[in-house]
Amino acid sequence: MRPVIFFKMDFSHSNLFGYIEDLQELTIIERPVRRSLKTPEEIERLTVDEELSDIERAVYLLSSGQDIQGTSVVANLPVLMRQNPAETLRRVLPKIREVLHVAGVEMQLTAAVSFLTVLQEESVSIHTYSHSFLHIILQNLEHRDAGVSNAWLETLLAVIEALPKETVRHEILNPLVSKAQLSQTLQSRLISCKIMGKVANKFEAHIIKREVLPLVKSLCQDVEYEVRACVCRQLEHVARGIGTELTKTVVLPELVELARDEGSSVRLAAFETLVNLLDMFDADDRSQTVLPLVKSFCEKSFKADESVLVSLSFHLGKLCNGLYGIFTPEQHLRFLEFYKKLSTLGLQQENGHSDNQLHLQTLEQEKKYISVRKNCAYNFPAMIVFVDPKNFNLELYSIFFCLCHDPEVPVRYTMAISFFEVAKLLNSDVYTIHKELVTLLQDESLEVLDALVGHLPEILELMANGGGNSGADSKLLSIPDLIPALTTAEQRAATSLKWRTHEKLLQKYACLPHIISSDQIYYRFLHRMLTIILTNNVLPVQKAAARTLCVYLRYNRKQEQRHEVIQKLIEQLGQGKSYWNRLRFLDTCEFIMELFSKSFFCKYFFLPVLELTHDPVANVRMKLCCLLPKVKSTLKIPTDKHLLQQLELCIRKLLCQEKDKDVLTIVKRTVLELDRMEISVDAFQKRFYENDLLDQEKERQEHLLLEM
């Protein structure tokens, strides 16, 4: 027996006082729970007669219910509109209009979302919607709470797209003139700017010129920098609406003035709008007007706030390619050097010392530097076009290396996403980035691996064919570390909790027979797939491994290796002790039927599949019965007559001996389906011609691969 240990409690004054404090803390924790309980009177007030219809209940709760009940009704408005639009518009909507005058923030936000949902679901015609809902939206547009105001504005902007032109003109455009005046509130003028940008896409150029452009000029001269920045961002929509001529004479001068504004946010908005409108300016405007402004903006950017650098780095690819034709060699080099400087921002200073040696950066500043480098990674393909792929090794490889090895995951993730685009642009020079492919495959972050794997088959194909070699073995010599990198990547995905990444990776590895030799796949990948099927606990991962294994088997060139794998599939899966393995055997057989010829399946897998009709587990027999129509479709008469007899014998046994009622139901349904099926014959028939031709081609390739 273990000795019983008694702990002595200290009841001294100091300790006792501590115990009392602890007990008081516990009572404080309990108090909110007690307060949250409803009194009988409150429960009575919240109770609603169950016999009321949905419309009557909604009207009652909006009239005399509590705020939370009214909010619930507003949230349920789209459902009421689907069920009974006429009564909802007649009785519920007027009540909502009344309640919104005094409603809190939560109900207002809910109403904005519900109104938008009603529009998107097209519960009523647009004419009825504008008649019933538009005025309520406009009334609440200038709510004192900024979040509520923005929510209603988003709803209105969506509504404008759907409304007829005349309605927009009378209900929105005409009042816009007074709302945009300097005498109106700042909030009203900001709303006017955003509405103006949306309205500009609705009308013809002459209407915009007459009714919108005067407002644009007025708002561009507004005393508040927030308004000038806001209208500046809408100038792109206005320009697209009025065409190139008016853009040149009206919009461009305004943008030039705003680009020299005293407010940094206004200058930033002007820069972004200029970049987005580059395609609307002719060569003269770009060289004489836009380029000097852009140069000045870039030169001052390092002295400005880091948010300017974030925006500049994001737009730099579009900017460089938009102005490509007008750059002098010196300007071309200057912008390239500027990009290189941004690509390593926050990692080193111009004198080569670490930032930490000079000063400790704030966390906020560091985040912005990471955003800048991430944007440089995003723009990397555009910069390859800018310097010409032929000059990649000389001009951009060092930056490519730095971005692929960046200490921050978002930067490497962006490089992984754009890796395929880079490989396509380099074409025959793709061999120069082999090492970076291996680096990203071995990246410590699974997010980076997941991003890279998306286009891995296409990347590997470019890598394999880029050097101009024809044999798979010689192709691989140019990427010596590829196979270890691929196996490491799979093992890291397997040991993580991110099974979707593992599944995706296994699916993409099915491309390897086109990249590396049959022996390399057999020794490094094929057996690994079988291990995953046998040991992994995630069904989609097991299925992905099974299909990829079947692809490897399909392209295997040695008869003895094929026989070995087939034997293992039958013994370890089909005859495995675990019913789970036997289920996976049936999944694998399904992939075999998809990828191989009919004769291959019949030769190796037909009888092992039929043996599972005697399986002791009902789920296995059930899955087999569902698969039998596909199994029968692999037969050809008269060659496979003996197999057809075996199939019919198994079906009869199932019908006579099956005791599980669920399995028996499926067996009976399967029998009816099998009776309706027609079996193809050895000679080609018209109704099976395409399938027979495809099957014949599969069979020819199987023999050819073994001969090779």
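Trainee: What percentage of the 708 residues of the protein chain count as buried? And which residues meet where helix 3 packs with helix 6?

Mentor: Keep in mind that this is a predicted model. Of the 708 residues in the protein chain, 47% count as buried. The chain holds 40 helices and 2 strands. Now look at its contacts with a separation of 6 or more: 70% of them join residues 24 or more positions apart.

Now to the part you asked about. Two packed helices are described by the angle between their axes and the distance between the axes. Find helix 3, residues 54–64, and helix 6, residues 85–100. Their axes come within 10 Å and cross at roughly 15 degrees. Angles under 35 degrees count as roughly parallel, so helix 3 and helix 6 are roughly parallel to each other. Their crossing is left-handed.

Next, the residues. Helix 3 brings I55, E56, A58, V59, L62 and S63 to the contact. Helix 6 meets them with E87, T88, R91, V92, K95, I96 and V99. Sorted by class, the residues of this contact are 7 nonpolar, 2 polar and 4 charged.

Helix 17 covers residues 306–322, and helix 21 covers residues 380–387. They pack at an angle of about 20 degrees, and their axes are 8 Å apart. The cut-off for roughly parallel is again under 35 degrees, so helix 17 and helix 21 are roughly parallel to each other. Helix 17 passes helix 21 in a left-handed crossing.

On helix 17 they are G317, C320 and N321. On helix 21 they are A382, M383, V385 and F386. This contact has 5 nonpolar and 2 polar residues, and no charged ones.

The structure holds 0 disulfides. Take C404, which is in no disulfide. Its nearest cysteine sulfur belongs to C402 and is 9.6 Å away. A disulfide needs the two sulfur atoms within 2.5 Å.

Is C404 buried or exposed? Its relative accessibility is 1%. Buried means under 20%, so C404 counts as buried. C656 has a relative accessibility of 68%. Exposed means over 50%, so C656 counts as exposed.

Key:
Residues numbered from 1 in each chain as written. Predicted model: local features only at pLDDT ≥ 70, side-chain atom pairs only at ≥ 80, totals over all residues. Heavy atoms only, no water. Axes fitted to C-alpha atoms, helices over the stretch in contact; angles between N-to-C directions. Helix = DSSP H or I, 4+ residues; strand = E, 2+ residues; numbered from the N terminus. Parallel < 35°, antiparallel > 145°, perpendicular 65-115°, else oblique. Left-handed = near helix turned anticlockwise from the far one by under 90°. Contact = heavy atoms within 4.5 Å. Nonpolar A, V, L, I, M, F, W, Y, C, P; charged D, E, K, R; others polar. Buried < 20%, exposed > 50% of the residue type's maximum accessible area, 1.4 Å probe, protein only.
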